[in-house]
Amino acid sequence: MERRKKRESEFKFKLVKLKDAINLIDQQVNLLGIVLDRKEPKLCRNNDWICTLSIIDGSYERPGLTVNVFSNKREELPNHDGMILFINIKMKSYGGGNRVNAACNKGVSSFALFKRRTDEAFICYQRTSNFRCEERYKSSMEELAKLFPTSCSLDQNLEFSFLREIKEGKPFNLLCKILLHVVNEEEDMSTIFVWDGTDAPPASIGFKDTSAVTNLSLLSRDTLRSFPTVGTILRLSLSNHLLYGVKPGDWVKLYQLLCVVDKGSWVASVTDSTTVTLAHDDHLVEKIMRIYDKRITSKFGHIPFWCFPSPPGFTETDDDQAPFVTLRDIITFSKVTYKYRCIVRVVSAFRSQEEDENRHYRVLLTLEDPTATLEAFLCDKDAEYFWGLGLQNTEMLRKQWNQLLGITRESSVSLGIRNPPWIECCIFSYYTNKADPWNTRLYKIFGTRLLDLEAV
């Protein structure tokens, strides 16, 4: 009885050579091969997607065996060449029994795609969610890799970019740390928040954009406290199968991402060629951490990379000896009330002047740096000090607002993009309800004076 079970188990996981598989019509088999050709996915009549591959091995070469891979989601189809392992796919005949192909249906079949690194380790960069059998086939994978070394090798010319080097609309590869992984089981999608310790470039803001949309706006303060306070955190949504075996805290290599600017914020997205691999013992990780450790121990470590070592001098503050902090430092600081000094851009403003016997002035500014956005009030005497004589002169105040928000004559005429300047400012955090200080915490600018920007 035990011997029969053992034989059945061995047969269930046995790899079949392609030359033998073509004679096993209507049977479920396991195949290991090299992707020779991959057609663009197409939508079937039943709204499923199909991707047609041609695969070869040492027993059956060109033109190869045709394998039709079906899925209800395009992103779950094979998206790269390399070595592919199919489990439990069905051999079929067509054309009056004269031709043979194989069908891989997600419900009963699974697959995984591999490449080989220079250290001879195999990297699985795509797999279906139901794939579980990699270890069992390593010796067969080694043998096939010897026959087709070029087809199995990971492209070592793929360079990685820092987040500070990203450009809109240009695909890039990123080596980064996963800080948070949120899974949506219903949609079979995940949202990850990734970081590499560098500052993404300041995004251009549309003329009509009233506020920037931050990647971290949906996260609680408690969650943000677990993140580094220096360096941009990028949000990315992708299919769960791309993140198989990946968990928060892992360093990963993300291949072929795309970034665009939406409402003044960087938004990352996947492409048809996006893959994810774990960065095991990679020397680049050590390099990134050395750069980061050197940065945060520096006097200027919390200053945005894009205005290092200091902003252009558009403002001056009363407390020029206080250390600089990032907006994420402020948001996650352990005290409700405190005074800070930082370098930011004013990306939007809502002005209101309340006329009464005290003539109160109140404006809400949206501030931005590479780590977060934060809303801060500019009120009364602090506003008078900030604007100076401009608060009493309508034309002067209009020019100061335009300069602060990065509005030029050209951008206002064409309704194009604007690039607010970096400014230094002091921020005070406070609460409005002593019984509930954290939930009523607000921020205001103080001790900061706007200089004549045209004279700078």
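**Exercise 1.** State which helix and strands each supply at least two residues of the lining of the largest pocket.

*Solution.* Step 1: the elements are α5 (221-224), β18 (372-379) and β21 (441-446). Helices (H or I, at least four residues) and strands (E, at least two) are DSSP runs, numbered from the N terminus. This is a predicted model, where local features need pLDDT of at least 70, side-chain atom pairs count only at pLDDT 80 or more, and totals for chains, interfaces and linings use all residues. Residues are numbered from 1 along each chain as its sequence is written, and side-chain values use heavy atoms, without hydrogens and water.

Step 1: β18 gives the most, five residues.

Step 2: the lining has 19 residues, and Ile331, Thr373, Leu374, Glu375 and Tyr443 lie nearest the pocket centre. A pocket is an open set of points on a 1 Å grid over the protein atoms alone where a 1.4 Å probe fits, with protein on both sides within 12 Å along at least five of seven lines; lining residues have an atom within 4 Å of a point.

**Exercise 2.** Determine how many disulfides the model has, and examine Cys425.

*Solution.* Step 1: a disulfide is a pair of cysteine sulfur atoms within 2.5 Å; the count is zero.

Step 1: the closest cysteine sulfur to that of Cys425 belongs to Cys342, at 4.0 Å, so it is too far for a bond.
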